[in-house]
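Subject: Structure handover

Hello,

Here is the structure for you to look through. Please open it first, then read my notes below.

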Amino acid sequence: MGRRRGARDPVNILFGWVRRQSVRVQVFLGAVAALVALVGLKIFVRDYEHFYIASEAVHAAGILLLIYKLTRHKTCSGLSLKSQELTAIFLAVRLYCSFIFEKDIHTILDFATLAPTLWVIYMIRYKLNSSYDKELDNMPRYYLVLSSVVIAVFVHPISSRLGFNSILWAFCMYLESISVLPQLRVMQNAKMVEPFTAHYVFALGVARFLGCAHWILRLIESRGAFLYHVGTGFYWTIANLTAEGVQTFILADFCYYYIKSAMYDQLLRSLSSPV
């Protein structure tokens, strides 16, 4: 009886219909759903700053999922220490910039995210190191940091207000856009994604969507002037757009497979073949 009711549930019917579509159609439907959600947010939310706040809150919630995993299950298997360290670096730099220039809710949220991230790093490095698989976490983080530094030195916002800090601002933006790559590499190497890790990365994807919604709607509202809210520069504008696009694409790809595997009621097994 329960199964029949479940089978007639509108959500199950919708998921069943989507599962029968081709990958191209599923991607199209996902893009349409994202666009509809963006339009809905624009209509019903007046203060677009709430998107950024919600984005940081979701990121913090994802970290709390990791804390639950580490404290309850006493294992850090499936987690990338390098991703957490990269996250801590860009959060620390952004917290510094926010403290110098803003001292507002952004500063508080960055600190609230940085503190538990440092705790996760401590747990992986010292308390649960025996369950950490260093061989799977094999993406060189120094290349990611160095490339972000080099690009930031040459491509950063031109602003008399920021001065040298404009390089730091650009650095944390570039590093944030690629900080999840080591975690995705661990998932690919392991061929199996632990549920809490998958939920964490999906939370990052949701946070990225909200951050992207904030960015796009502010861009539309200001008729393009939001591109220059930090500083000016032709190459900085291109790099800003590219960094936003890269981070969104990386996490959107994972979220697609996460949702697809959720529709099949199966654990996400790999990024290329979840079912």
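Start with one definition: a residue is buried under 20% relative accessible area, exposed over 50%, and partly exposed in between, using a 1.4 Å probe and protein chains only. Now some ground rules. This is a predicted model, so local features need pLDDT of at least 70 and side-chain atom pairs count only at pLDDT 80 or more, while totals for chains, interfaces and linings use all residues. Residues are numbered from 1 along each chain as its sequence is written, and side-chain values use heavy atoms, with hydrogens and water left out.

The overall picture

The chain has 11 helices and zero strands. Here helices (H or I, at least four residues) and strands (E, at least two) are DSSP runs, numbered from the N terminus. The chain holds 275 residues, and 45% of them are buried. Residues 24 or more positions apart account for 75% of them. The chain exposes about 15000 Å², and carbon and sulfur atoms supply 66% of that. Those areas come from the Shrake-Rupley method with a 1.4 Å probe.

The annotated spans

An unreviewed UniProt entry marks residues 27–45, 107–128, 140–158 and 196–217 as "transmembrane region". Such annotations may be inferred rather than shown by experiment. In the model, residues 107–128 are 95% helix and 0% strand, with the end C-alpha atoms 30 Å apart. Residues 196–217 are 100% helix and 0% strand, and their end C-alpha atoms lie 31 Å apart.

Aromatic pairs

How many aromatic pairs does a search of the whole structure find? It finds two. Rings of Phe, Tyr and Trp (its six-membered ring) pair if their centres lie within 6.5 Å; planes under 30 degrees apart are stacked, over 60 edge-to-face, and the rest tilted.

Tyr68 and Phe196 have ring centres 5.4 Å apart and planes at 45°, so this pair is tilted. Tyr68 sits in helix H4 (residues 49–72) and Phe196 in helix H10 (residues 195–221), so the pair ties together parts 128 residues apart in sequence. Tyr68 is partly exposed at 36%. Phe196 is buried at 17%.

Tyr122 and Tyr126 form a tilted pair too, 5.6 Å centre to centre with 45° between the planes. They are four residues apart in helix H6 (residues 105–127), so about one helical turn separates them. Tyr122 is partly exposed at 38%, and Tyr126 is exposed at 59%.

Salt bridges

Side chains of opposite charge can pair when their charged atoms come close. A salt bridge is a side-chain nitrogen of Lys or Arg within 4 Å of a carboxyl oxygen of Asp or Glu. By this rule there are five.

Which residues does Glu85 bridge to? One is Arg125, with the closest N and O atoms 2.8 Å apart. This pair links helix H5 (residues 81–101) to helix H6, 40 residues apart. Glu85 is buried at 11%, whereas Arg125 is partly exposed at 36%. Glu85 also bridges to Arg141, at 3.2 Å. Arg141 lies in helix H7 (residues 141–154), so that pair ties together parts 56 residues apart in sequence. Arg141 is buried at 19%.

Glu176 forms a salt bridge with Arg94, at 3.3 Å. Glu176 is in helix H8 (residues 165–178) and Arg94 in helix H5, 82 residues apart. Arg94 is buried at 6%. Glu56, Arg94, Asp110 and Glu176 are linked in a network of salt bridges.

Best wishes

Methods: Contact = heavy atoms within 4.5 Å.
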